[in-house]
Amino acid sequence: IEQFKNKKLLAIAGIGNPNNFFKLLYENNLKVEKELIYPDHYEFCESEIMDIIKESKSNNYQIIMTEKDYFKINNFNYDEIKYLKIQLEIDEKEKFLNKISKLYDKKN
């Protein structure tokens with residue numbers, strides 16, 4: 001998150017629920033100037049990425065993507081594109097695991 005503070009961002013999400021990604025950016029007071037939303041499992045072509053980079057340079061935007069989307073375009077090797085690494089943390093983890101375990105035991 002820190003590397004994106006005080007930068008104008010062009011944020012890209014091609015995931016099932018992109019609002020969660022954008023919400024996270026806004027909750028961390030990041031300055032999102034433009035949002036680009038693509039369908040889940042979207043396959044970016046190189047010309048699209050080049051157009052996005054061109055727009056970001058002309059507007060002085062830093063491009064930020066979901067980690068999932070970044071690894072779909074990683075083979076293009078563009079330094080201009082960064083991603084936000086997100087980790088899942090489960091509240092009340094033991095309670096959650098016990099509930100799953102009980103459901104599993106009922107089925108077997």
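Me: A contact means heavy atoms within 4.5 Å. What makes up 60% of the contacts in the protein chain with a separation of 6 or more?
Reply: Residues 24 or more positions apart account for that 60%. This is a predicted model, in which local features need pLDDT of at least 70, side-chain atom pairs count only at pLDDT 80 or more, and totals for chains, interfaces and linings use all residues. Residues are numbered from 1 along each chain as its sequence is written, and side-chain values use heavy atoms, with hydrogens and water left out.

Me: Why is Phe 96 called partly exposed?
Reply: Buried means under 20% relative accessible area and exposed over 50%, with partly exposed in between (1.4 Å probe, protein chains only). Phe 96 has a relative accessible area of 38%, so Phe 96 is partly exposed. Buried residues make up 32% of the 108 residues in the protein chain.

Me: Which helix holds Phe 96, and in what order do the elements of the protein chain run?
Reply: Phe 96 belongs to helix H4, residues 93-107. Helices (H or I, at least four residues) and strands (E, at least two) are DSSP runs, numbered from the N terminus. The protein chain has 4 helices and 4 strands, and from the N terminus on the order is β-α-β-α-β-α-β-α.

Me: How do you know that the protein chain is more spread out than a compact globule?
Reply: The radius of gyration is taken over C-alpha atoms, and the globule rule is 2.2 Å times the number of residues to the power 0.38. For 108 residues the rule gives 13 Å, whereas the protein chain has 18 Å, well over that value; therefore it is more spread out than a compact globule. Its C-alpha atoms fill a box of roughly 60 × 30 × 20 Å, taken along the principal axes.
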